[in-house]
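This briefing goes through selected features of one structure, grouped by topic. Please keep the sequence and the 3D view open while reading.

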Amino acid sequence: GCPKDDFQEELVIRPLHSGDIYASFQFRTLWETDFMRGNKVSHYRLFPKSLGQVISKFSVRELHISFTQGYWRTMQWGQPFLPSPPGAELWVWFQDSVTDVDGTWKELTNVLSGIFCASLNFIDSTNTVQPSASFKPLGIGNVTDHRFLRYATLPREIVCTENLTPWKKLLPCGSKAGLAVLLKSEKLFHSSFHSQAVHIRPVCQDWQCKTTSWELRQTLNVVFDLHTPGQGKLEWSLFKMFSRTLTEACPLASSSKIYIDITDDPQGEQFEVSPATHLLSQAMVLGDRRTFSVYDLTQQITFGTVRSLNLLIRWKSRDMLRPLLHAERYVAGYGLQTGEIHTLMYNNHPYRSFPVLLLDSVPWYLRLYIHTLTVTSKGKDNKPSYIHYQPSKDRVRPHLLEMLVQLPPNSVTEVTVQFERALLKWTEYTPDPNHGFYVGSSVISSLVPSIVAMDTNSTREQPLFSSFFPCKEESSYFMRVYTEPLLVNLPTPDFSMPYNVICLTCTVVAVGYGSLYNLLTRSFQIEEPSPGLAKRIANIIRKMRGVPPL
Amino acid sequence: MGLLSDPNRRRALISLLTRLNAPICVVCYMAGVAWFMGLAFEPFTLRTYMSENAMGSTMVEERFPAGERALGTGREFSAHKKKAGGMPVDWLVKTMQSRGLEVFTQRFSRRLPFPDEDKERYMVKGTNVYGILRAPRAPRTEALVLSAPCSPGDDNNQAVGVLLGLAQYFRNQVFWAKDIIFLVNEHDLIGMQAWLEGYHHTNTTGMDWSPLQGRGGSIQAALSLELSSDVVTSLDLVLEGLNGQLPNLDLANLFYAFCQKIGVLCTTQGKLQRNDWDSVSGYSHAVQTMMLMVMKQASGRPWGDHGLFLRYHIEAATIKGINSFRQYKTDATTIGRLLEGMYRKLNNLLERLHQSYFFYLMPSLSHFVSIGYYMPAFGLLALILLLRALDLWIQLATPPTFNLNPPPSQMSSPGVLSVLTPLVISHLTGVALYTLPIHFQEIAVEHFPVSETEAVVLTAIAVYTAGLALPHNTHRGLFVPPFNGWKVLKLVAVLYLAVLLGCTALINFSLGFILALTLVPVAAFVTPDVPKALSAFIMVILSPACTLLFSVFLFQELQEMPVSFLDGWMLYLSVISQGILDHALYGSLVYPLVALLVYPCWLLFWNILFWK
């Protein structure tokens, strides 16, 4: 029969403690089909054909691509639903049937570059790594041989409307109907943070996992800045955020919902949402139990009499709990010869330690001195239990450093490594060499103890028998934290006067050095005028007689 | 060069140089001085122009409206400062937070090697407060800094007010592409040093500071603001930084361009520029401005909080508000608009400032002299040393006849020892001059009725004077020096001085030039045969210590604040202590350079004078 497909759309709005507002869109297309094993798929309905062809042509098992403009401020905003580093990030698991992974990767990046109008074609062997532990497949399948994994970031990639348009075209309704109506670039790019991503993975169709289907998740996260001086209530509406209101769900969607995070004050004193809804939903999100107001767009009643939904939110910003894990990174030292990369990882949990996986991919032109690698927590040496290091090769591949480090409770763990700045060949400099060179974000992956498990005074009414052993499901959650990218200055020649330099050097070599060398190495003697014939004969005779010549 | 490979012509040239050596040297010296004085003559200088395209053509409209409110904030700051008896940390943190910045603090402490009597501090403990304005959709890779020192007393409150006012205004603008760090640093330079060391995680001077929690990536440019009155008559631009480093000239151009645009009187070295360059007074005005810059640069000390940024390759300058008795006044709104304009232009930068000059002198804010123009002045002075060296070499190489290749064994073996001894001894004296003052202060304080600071300065002067008595007697005890031994020593000393001054002038032209002005005549004409008493007097007058003394008087004269001899002497003593402190606190290199290299080199010539 006809393969089943299904489309869902969803928007989560979370007022942040800093006073900003976070909107996260997710569009999910599920398709029960098989691209592999020579199966020619030609009839596409909801699933975008361009991506389907990519999956089958390049034998992709999993593909994750994100474009981000801005840096997620963990300390102010808490955790994002889907983390991503500034710039572009791409990681792909290939099927184990692929023989030439590097060649396929190269082709794939070029094709994706066309699909998303981005400079992904700049991904080459000098910025691609194969992480051994940090990026496991998120879909089904147990193949974890990292020979089939490729990971690359482009920290310098600028994300703008030209990337948004092709991304929107992948949606079944485009930006004509449904939640995607809100995605207007003039507002989305007037924000503090913007990130859009595409995730493709195989998932189980049912709990027995007899059949698999392909899942395409398109996500878009945006944080709007709502800074108003003074202590008054903050006010925000869909129209204010997106300069649009909603009038209908995408007709192709089986589900279309808006969630508003009202956890901080469900009673509604500090927090007002209008129109009000009686639909509430609870979920465990990032180790925390959250409560959401739900608006179902497939129900006509949601739009009310004016046939348009413009959610209005009023709330007061408050202090927030420090996020349990966050990280920062910077370059230490001065001068253009050496430097030191410092990565700080904060564990703010009051009593539990947890391990983190740190992944660092550093371009070859920063020559890491790996013997200077130190990991210290609370002033003591902290020996990583696992280190995977692949040294760089000049102009071929970057450094890859992966470490499993245990973060003690309530501590800062500092990872430092010294480097030397390489002198590039003059054609290797970018057109703006004095801007500096980028080093991509470090990736910190971890199972973080959840906030719910920290809740010992048990404010929630719970049966006593249920609360002695921490429940595994709730005790920790997976989290990925990206540090900021680095901008490093390399020794740069003065390109503005190569002509002067060439002229000066040639002159100095030709005139100065040449003659000075002559003067220093030769010995000068005054040549005697040649003697007359008679004298020469006399000298020959004197020589035969054995007396000194005249 | 054909000239030199022809033995006859070479001989002729050499004999010419030998015969006319003294006159040529005199001519060179005069030409060098004349060239230097000519640098301030306007037709010989270039007009400043903006080299950086990213800052040049773009239009910026300044709209900062809240000068009065900023002054109000400044008064509030002043009240809280009085109440807290220092930096009002909590108030600043709260105020910056309410303006929407990410706020962090840094504590630091530093024990000075000896008490600083000028600023009355010894054990320094303080806190820096800084707020970061995060640029929207920027990945924290680049930042700009605006700083205002929190000075004791009633100074600089307006600067903090304007800084907070700008922070509030900037926060509501959308065009920022770089994070902007607003820093209020306590204890001026010491706080700035702590902050910069914390930001870059270096420790060059052994200061204690708590690590920074928030950063904005690599800092592209910084401005430090000093403002102590509600209205100002002019704004002064201070460029001279640590060890005579200067920021890129484009930063000065930017300031000048905005002063012109907004209509603010602007000065450099506290001197307005004049248009009458062709009159004597106009020219002498330009000379004064340039000389002030030369003397400030030569001192190697940071002349504002910006001076410490330069070590980290961050272009920085200090803007000082000056309130004199002129009629025309500028209010805080205008200053705010000026800074807004400058930051918007700096925000446009795509690359670090690198297009314009890093080595320059400014006879006025609109004209500059680049390294290619001022280096010949030094080159002419350095040439004298080379000519003297050549002369000595020829004299040594050809004692009775004109034989160009003497057997080397004749002069080397006793010569080396006779040269080495004074060399070693004078350098040991230098080491004593460098180390003793700080280490002996406790003993000195115990035995003499002086304070620690006086002890340090007086020990330095004592070691310096004792050095005059010591080395010129030393070579005699060991062995009989060869005939002409002093010539070998002088040859070595002259070449040593040439290398020393050459290297100094490359890094800090002003210091190199001032040292050359006094040391080159000494080096050129000292021999054991000149009249002892008179020459000794001249040599002492031209020694580095006396150069410093004259510089102090000249500097005061140029600033139009002449001092009596006694005041000048007190100032001289404090300048010495400040120089030693600059070295210990910020890593200024002038004191070790003078103590370890220049003074020993001068002692060598002193040695030659008393050679027997």
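This is a predicted model: local features need pLDDT of at least 70, side-chain atom pairs count only at pLDDT 80 or more; totals for chains, interfaces and linings use all residues.

In the residue classes used below, Ala, Val, Leu, Ile, Met, Phe, Trp, Tyr, Cys and Pro count as nonpolar, while Asp, Glu, Lys and Arg count as charged, and the others, Gly among them, count as polar.

**Cavities**

- The structure holds five cavities of 30 Å³ or more, and the largest cavity contains about 150 Å³ of space.
- The largest cavity is lined by 17 residues, of which B:Glu42, B:Arg274, B:Gly282, B:Ala286 and B:Ser364 are the closest to its centre.
- Sorted by class, the lining of the largest cavity is made up of seven nonpolar, seven polar and three charged residues.

- Five strands of chain A form an open sheet with antiparallel pairing, in the order β20-β21-β17-β24-β25.
- The edge strands of this sheet are β20 (386-390) and β25 (476-482) of chain A, each of which pairs on one side only.
- Neighbouring strands of the sheet are turned by 15 degrees against each other on average, with direction ignored.
- Strand β24 (residues 443-449) of chain A pairs with β25(A) in the antiparallel sense over seven bridges, and A:Pro449 has A:Ser476 as its bridge partner in β25(A).

**Strand β18 of chain A and its partners**

- Strand β18 (residues 366-377) of chain A runs antiparallel to strand β22 (residues 411-421) of chain A, and eight bridges join the two.
- β18(A) also pairs in the antiparallel sense with strand β19 (residues 380-381) of chain A, over two bridges.
- A:Thr376 stands opposite A:Glu414 in β22(A), and A:Thr376 also stands opposite A:Asp381 in β19(A).
- The hairpin of β18(A) and β19(A) has two residues between the strands, and there A:Lys378 takes a positive phi near 50 degrees.

**Helical stretches**

- Helix α10 of chain A (residues 533-545) has 13 residues and reaches 19 Å from its first C-alpha to its last, which is close to the 18 Å expected at 1.5 Å a residue.
- Just after α10(A), A:Gly546 takes a positive phi of about 85 degrees.
- For chain B, an unreviewed UniProt entry lists as "transmembrane region" residues 20-41, 371-394, 414-434, 455-473, 493-526, 533-555 and 589-611.
- In the model, residues 20-41 of chain B are 82% helix and 0% strand, with the end C-alpha atoms 31 Å apart.
- Residues 589-611 of chain B are 87% helix and 0% strand, with the end C-alpha atoms 32 Å apart.

How values were computed:
Residues are numbered from 1 along each chain as its sequence is written. Chains are lettered from A and ligands numbered from 1 in the order in which they are written. Side-chain values use heavy atoms; hydrogens and water are left out. Helices (H or I, at least four residues) and strands (E, at least two) are DSSP runs, numbered from the N terminus. The expected span of a helix is 1.5 Å times one less than its number of residues. UniProt positions are given in the numbering used here, feature names are shortened, and annotations may be inferred rather than shown by experiment. Two strands pair if DSSP finds at least two bridges between them. Axes are lines fitted to C-alpha atoms, for helices over the stretch in contact, and angles run from 0 to 180 degrees between N-to-C directions. On a 1 Å grid over the protein atoms alone, a cavity is a set of points where a 1.4 Å probe fits but cannot get out, and a pocket is an open set with protein on both sides within 12 Å along at least five of seven lines; lining residues have an atom within 4 Å of a point. Grid points are joined across faces, edges and corners, and a volume is the space filled by probe spheres set on the points.
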